[in-house]
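Biologist: Please show me the model, and then let us go through the contact between the two chains.

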Number of protein chains: 2
Amino acid sequence: MIVELISVGTEILLGNIVNTNAAYLSEQCAALGLSCYYQDVVGDNEERLCETIRTALGRADILLISGGLGPTQDDLTKEAAAKVMGKALYLHEESKASIQQFFEERGLEITDNNWKQAMMPEGCIVVDNPNGTAPGVIMAENGKHVILMPGPPNEMIPMFETSIMPYLGKLQDGVIFSQTVKICGVGESKAETMVQDLIESQSNPTIATYAKTGEVHLRVTARAEDEKAARKLVKPVVKELKGRFGSHVYTTEEEVTLEKAVVDLLLANKLTISTVESCTGGLVAARLINVAGVSEVFKSGYITYSNKAKRRLLGIKKSLLVKHGAVSKETAREMAKGAALVSKADVTVSITGIAGPDGGTEEKPVGLVYIGCSVCGKVTVKEYHFRGSRAKIRESTVSAALALMRECILEYYSEVTFGSSEK
Amino acid sequence: MIVELISVGTEILLGNIVNTNAAYLSEQCAALGLSCYYQDVVGDNEERLCETIRTALGRADILLISGGLGPTQDDLTKEAAAKVMGKALYLHEESKASIQQFFEERGLEITDNNWKQAMMPEGCIVVDNPNGTAPGVIMAENGKHVILMPGPPNEMIPMFETSIMPYLGKLQDGVIFSQTVKICGVGESKAETMVQDLIESQSNPTIATYAKTGEVHLRVTARAEDEKAARKLVKPVVKELKGRFGSHVYTTEEEVTLEKAVVDLLLANKLTISTVESCTGGLVAARLINVAGVSEVFKSGYITYSNKAKRRLLGIKKSLLVKHGAVSKETAREMAKGAALVSKADVTVSITGIAGPDGGTEEKPVGLVYIGCSVCGKVTVKEYHFRGSRAKIRESTVSAALALMRECILEYYSEVTFGSSEK
């Protein structure tokens with residue numbers, strides 16, 4: 001079945017609030033196996049509201065409308081929806097009583113406009129709102145379902161979970177199941193080319209690619225009569241993707257981020273880590289420390305933006321900095337080694353680069369970054385060229401550093417296993 | 001003039017990402033004096049995209065379309081918009097060259113699908129994208145303006161600010177001039193109450209309040225026949241706001257961020273700074289290092305997430321940590337003093353707190369944060385209680401730390417001036 005989301009509120013059109021309701025409802029609908037082709041935002045204007053509802057009814061089976069159910073004159077959603085559905089409003093005694101109770105419990109005076117919230121379209125289902133005064137409304141006719149919910153997320157979400165989700169579940173044939181294969185160290189267009197044949201050859205499951213900074217996510221989605229059958233369709237495709245991308249796949253779990261994958265790898269191998277950063281100024285450490293439980297592996301972080309700090313904190317020789325420059329392969333190597341020496345961590349990552357907007361030269365342009373990684377004494381240094389603003393270059397550097405750490409740790413252990421370590 | 005926003009992307013319809021682009025663009029359009037009646041979201045489907053563009057053209061003068069300009073087969077926005085506008089696509093040589101350069105600089109192989117991004121609608125303006133490979137597009141005909149921008153915010157926002165905003169500004173009758181009064185250390189609802197009378201008493205200029213993490217921005221916007229006249233209307237209102245918020249106003253300049261205000265204050269007073277962070281794991285240093293030219297003032301940054309690191313790097317006594325705990329006023333004080341001692345910086349900022357989701361107790365709940373600041377030996381420590389997710393608590397902490405640094409430096413100098421330093 002097809003669902004369309006309509007968010008009502010001038011505050012969204014003015015950019016005063018971000019429409020998180022739409023993201024929440026979309027995710028829930030996808031999980032319920034409902035197809036969503038459009039999301040609309042419209043202001044508190046009866047004519048435009050009616051037009052939007054009419055258009056949506058022409059192309060969807062279910063309308064999820066949030067916002068505009070409040071007590072003020074601006075709140076017109078119920079009136080507009082009832083008009084389009086050809087229903088009159090009547091005073092719903094139970095809603096009236098519960099509004100009265102809500103105000104009495106809080107010792108608040110009821111102003112007349114509040115009774116507006118007890119007016120309901122004929123023949124509708126009134127949906128309880130335990131977190132506010134505006135009840136929800138379900139109108140169903142000729143196979144179309146128009147569902148009205150309050151706008152504030154702390155009222156809308158509990159109402160959706162308690163009352164609307166079960167209602168939608170009963171309307172559905174079959175379910176949807178998705179799994180995401182997360183990849184690092186491969187660019188978006190290369191990743192897409194590598195799965196083009198799979199994308200083209202099948203419609204269930206489907207494969208969608210999403211580019212993140214320094215990562216690509218491949219989402220595999222299947223529809224089937226029940227979750228078990230849908231999972232069965234997804235499984236071989238995920239296996240195929242894992243085969244194609246090999247060790248670039250860092251997880252297939254929804255909640256695992258790249259930094260969590262790195263921390264998990266450190267934990268699994270009982271390795272500690274220290275960071276030493278120049279142009280990223282602490283962002284790599286901050287990403288790692290975003291992982292709850294990182295305290296078991298994180299030793300210390302050094303931010304050595306100046307040459308003086310590099311010398312004083314890490315013991316890097318002035319002559320090396322003079323000869324090769326602060327942004328050089330050699331300095332990145334010495335930073336990684338120095339951090340390992342002073343912090344006694346098993347793994348260290350070092351970053352030195354030119355984030356711009358100034359400071360670039362022809363030989364060393366803005367965006368040139370060296371990342372070093374030492375794993376139990378074996379040091380790898382890579383050169384990168386990033387583009388964009390200072391913030392973008394730093395963000396790309398952080399993702400590349402996490403990917404490199406992961407790669408170096410995996411390599412170190414595969415070499416140890418095969419007895420070919422150069423340590 | 002009327003603007004309509006269209007966000008393109010199946011990932012928005014699936015709820016994988018929150019549509020922050022729409023909020024950003026709406027805010028900017030409101031500031032430019034453009035009326036927005038609808039926001040639409042549609043997936044990567046040519047037929048539905050064409051329908052949405054056609055409908056929007058029927059009710060708006062300007063279409064701001066973001067997303068779907070990438071190199072993959074899914075990316076159909078340019079093709080759909082050109083079709084609706086009746087324009088053929090041709091190979092734009094400059095875009096081709098810049099894509100080639102982008103890949104060559106990175107030593108990456110160009111796959112065939114990338115050339116798709118160099119195909120442009122006849123007669124369009126091609127808009128430079130310094131942060132990615134997909135250029136923007138402006139098509140104008142019969143008083144209608146269709147503007148295409150890439151979806152990733154780090155590409156869309158700079159493109160909007162650099163190229164699209166000036167274009168939209170020229171379409172307008174009269175001009176709009178805005179100035180933003182940026183405030184730190186005052187909560188949103190208090191700030192709103194303090195300006196309620198001004199907001200209600202005037203319509204030109206208008207005052208809009210925007211809550212940011214740890215900050216409130218008050219945007220004063222006037223419309224007049226030319227910029228000079230608009231500036232003249234804005235000036236007395238900005239002056240009034242400065243008077244009401246006093247030293248909480250850290251800037252009235254668009255491009256000055258809170259971290260830049262702090263760095264400027266350090267530079268003006270020839271002060272150096274070092275940071276020492278626990279739960280924020282480098283984010284305060286990273287915010288400071290986001291300011292170009294910070295190298296003159298930034299000495300070093302320490303990330304001491306564990307007690308061991310606090311002892312080893314800063315010389316904090318074990319007995320103090322045992323007696324008061326790592327998250328305590330005393331530890332924050334010793335961290336700030338320790339960092340001043342080991343780094344020899346004039347100003348140091350220290351952070352210790354419980355970012356959650358675990359680790360909270362009844363006595364020390366999640367969200368409890370102590371921030372210390374030492375200015376030339378005078379140490380101030382403040383206690384904070386933040387709410388929300390781990391990420392949100394860390395973000396609030398960083399803003400509070402910057403505000404506290406600013407406050408402590410200003411206080412120190414006002415006391416020095418008046419001869420009442422407790423140094």
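Biologist: Which residue stands opposite Asp40(A) in S2(B)?
Modeller: This is a predicted model. Strand S2 of chain A and strand S2 of chain B, each residues 35-42, run antiparallel and are joined by 5 bridges. In that pairing, the residue of S2(B) that stands opposite Asp40(A) is Asp40(B).

Biologist: How much area do chain A and chain B bury between them?
Modeller: The contact involves 73 residues of chain A and 73 residues of chain B. Carbon and sulfur atoms account for 51% of the buried area. The area buried between the two chains is about 5700 Å².

Biologist: Which three residues supply more of the area that chain A buries against chain B than any other three?
Modeller: Together these three supply 12% of the area that chain A buries against chain B. They are Ile303(A), Tyr305(A) and Arg387(A).

Biologist: What is the salt-bridge partner of Glu51(A)?
Modeller: Between chain A and chain B the count is 2 salt bridges. In the one formed by Glu51(A), the closest N and O atoms are 3.0 Å apart, within the 4 Å cut-off. The partner is Arg59(B).

Biologist: Which element gives the largest share of the side of chain A that touches chain B?
Modeller: Across this interface, 31 residue pairs are in polar contact. The residues on the side of chain A that touches chain B divide into 31 nonpolar, 25 polar and 17 charged. The largest share of that side, 7 residues, comes from strand S2 of chain A.

Methods:
Residues are numbered from 1 along each chain as its sequence is written. Chains are lettered from A and ligands numbered from 1 in the order in which they are written. This is a predicted model: local features need pLDDT of at least 70, side-chain atom pairs count only at pLDDT 80 or more; totals for chains, interfaces and linings use all residues. Side-chain values use heavy atoms; hydrogens and water are left out. Contact means heavy atoms within 4.5 Å. Buried area is the accessible area (1.4 Å probe) that two parts lose on being put together, summed over both. A salt bridge is a side-chain nitrogen of Lys or Arg within 4 Å of a carboxyl oxygen of Asp or Glu. A polar contact is a pair of N or O atoms within 3.5 Å; within protein, one must be able to donate a hydrogen and the other to accept it, and residues adjacent in sequence count only if both atoms are side-chain atoms. Helices (H or I, at least four residues) and strands (E, at least two) are DSSP runs, numbered from the N terminus. Ala, Val, Leu, Ile, Met, Phe, Trp, Tyr, Cys and Pro count as nonpolar, Asp, Glu, Lys and Arg as charged, and the others, Gly among them, as polar. Two strands pair if DSSP finds at least two bridges between them.
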